[in-house]
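Biologist: Before we discuss any details, could you put the sequence and the model up together?

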Amino acid sequence: MIGGGYAGTLAANRLRMRPGVDITLVNPRPAFVDRIRLHQFVAGTGEAEVDYGTLLGEEVRLVVDSATRIDTAARTVELASGRALDYDYVIYAVGSTGAAPSVPGAADFSFSLSELELAQRLRTRLGEVPLNGQVTVVGGGLTGIETAAELAERGRAVTLICGTTLAPTFSAPGRRSIAKWLSRHGVAVFEHDPVAEVRPDAVVLASGVVRSSALTIWAAGFGVPGLARVSGLRTDVLGRLLTDETLTSVDDDRVVAAGDAAGPSDRPLRMSSYAAGPLGAQAADTVLSRIAGTEPEVLSLAFSGECVSLGRRSAVRQLAGRDDSPVNIYVGGRAGAAVKELICTLGVGKIRREARKPGSLIWPKGGPRPEQSAAAPRGVTSP
Ligand SMILES: Cc1cc2nc3c(=O)[nH]c(=O)nc-3n(C[C@H](O)[C@H](O)[C@H](O)COP(=O)(O)OP(=O)(O)OC[C@H]3O[C@@H](n4cnc5c(N)ncnc54)[C@H](O)[C@@H]3O)c2cc1C
């Protein structure tokens, strides 16, 4: 198993359905990162690290290291430490990161929260900015909105820059509800006016507007680690491992992908912890089928909506069809917040349950799989 996020840990626990399977999980950090709480970690309203000891079944061996190359000919995973691990099957679950922003100044003067270490750096910087200092969040997708809201509720002066519309994957009523909350909490929202330049103390918008900014947070863009490419395995344009509908690499049937780093049939599902769990389970099932000499099942996962937190006391749960397209119904306010918290808690809860009872995860199936997930990935909004 390469990558100990939502998909990799779920897959590792599920492989224990078959006794005698030797399972190794390679991850660069000794603790699990609950990425969906990184905005809370930055704002000081929650923690994002979880002890693997509470998540993984006893038989799973954790190796704290980074995979640098999969040698499919020798069937080894090369690690940054110089070691190499032999394998019969690899589950490729390296997840996602933010994309390197190409806007002038953004790489030098903005901060990201897409990974733990980046979020730690951002949190430290935030601590140096006075409470009345202007904080600019770039990205009108769910990560940008959640970050802006979390900070505004903590009394920060926040500007949210959306390259296009606010929450483009939500219905009009859902979007209006988010906009109303942001306005009530003093967040200045700019729509259809992307960032053209980031300066140490300001952002410049395409329209020419210059906003002073003591801290600029870049929450737009989606990228994946380059491990598949480096290993000579075919990927989509963003670097997700290309697989068939059983999540098996199109180049090698001993490599199976799951989570944000998987590109089944070049029609990836949207970036989400929601999909990562079932994809991890399905990847494990595919490996177990191959070991047993049976035909693996094809991917089938129905969506039901998305959820965006608005601080700790409110959220909008947007309902959607099985293909992820939003309908004009949402659950907002405190009820929305309760739903959102339940979803977040279930994220790690499902992994723990799979550790206790391998094979326990079931998920809503829907078919046929959509041509393209209707919603754009979380981070995929233009600045
Ligand atoms: C602030 C924020 C809020 C979010 N909120 C939500 C939400 O509310 N709902 C939702 O559905 N989604 C949300 N997401 C998206 C969600 O976090 C991701 O879609 C999810 O983490 C994907 O799970 P994964 O297991 O594929 O990858 P990840 O969780 O990214 O895990 C991948 C793991 O692989 C490791 N890895 C990477 N490269 C290597 C390597 N070379 N060798 C070994 N290990 C490696 C990584 O360090 C990591 O531990 C949010 C994301 C962010 C940043």
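Modeller: This is a predicted model, in which local features need pLDDT of at least 70 and side-chain atom pairs count only at pLDDT 80 or more, while totals for chains, interfaces and linings use all residues. Residues are numbered from 1 along each chain as its sequence is written, and side-chain values use heavy atoms, with hydrogens and water left out.

Biologist: What volume does the second largest pocket have?

Modeller: On a 1 Å grid over the protein atoms alone, a pocket is an open set of points where a 1.4 Å probe fits, with protein on both sides within 12 Å along at least five of seven lines. Points are joined across faces, edges and corners, and the volume is the space filled by probe spheres set on them. For the second largest pocket this comes to about 440 Å³.

Biologist: Which element gives the largest share of the lining of the second largest pocket?

Modeller: Lining residues have an atom within 4 Å of a point, and the 19 found here include D22, T24, Y87, D88 and Y89, which lie nearest the centre of the pocket. Helices (H or I, at least four residues) and strands (E, at least two) are DSSP runs, numbered from the N terminus; those giving two or more residues to this lining are β7 (84-86), β8 (90-92), α8 (273-292) and β1 (23-27). The largest share, three residues, comes from β1.

Biologist: Which residue in β16 stands opposite S110?

Modeller: Two strands pair if DSSP finds at least two bridges between them, and the open five-stranded sheet with parallel pairing has the order β9-β16-β10-β11-β12. Its edge strands, β9 (110-111) and β12 (188-190), each pair on one side only. Between β9 and β16 (residues 215-218) there are two bridges in the parallel sense, and the residue opposite S110 is T216.

Biologist: What is the bridge partner of E197 in β14?

Modeller: Strands β13 (residues 195-199) and β14 (residues 202-205) run antiparallel and are joined by four bridges. They form a hairpin with two residues between them, and in β14 the partner of E197 is V204.

Biologist: How many residues apart in sequence are the parts that D285 and R14 tie together?

Modeller: A salt bridge is a side-chain nitrogen of Lys or Arg within 4 Å of a carboxyl oxygen of Asp or Glu, and the whole structure holds 21 of them. In the one between D285 and R14, the closest N and O atoms are 2.8 Å apart. Because D285 lies in helix α8 and R14 in helix α1 (residues 6-14), the pair ties together parts whose separation in sequence is 271 residues.
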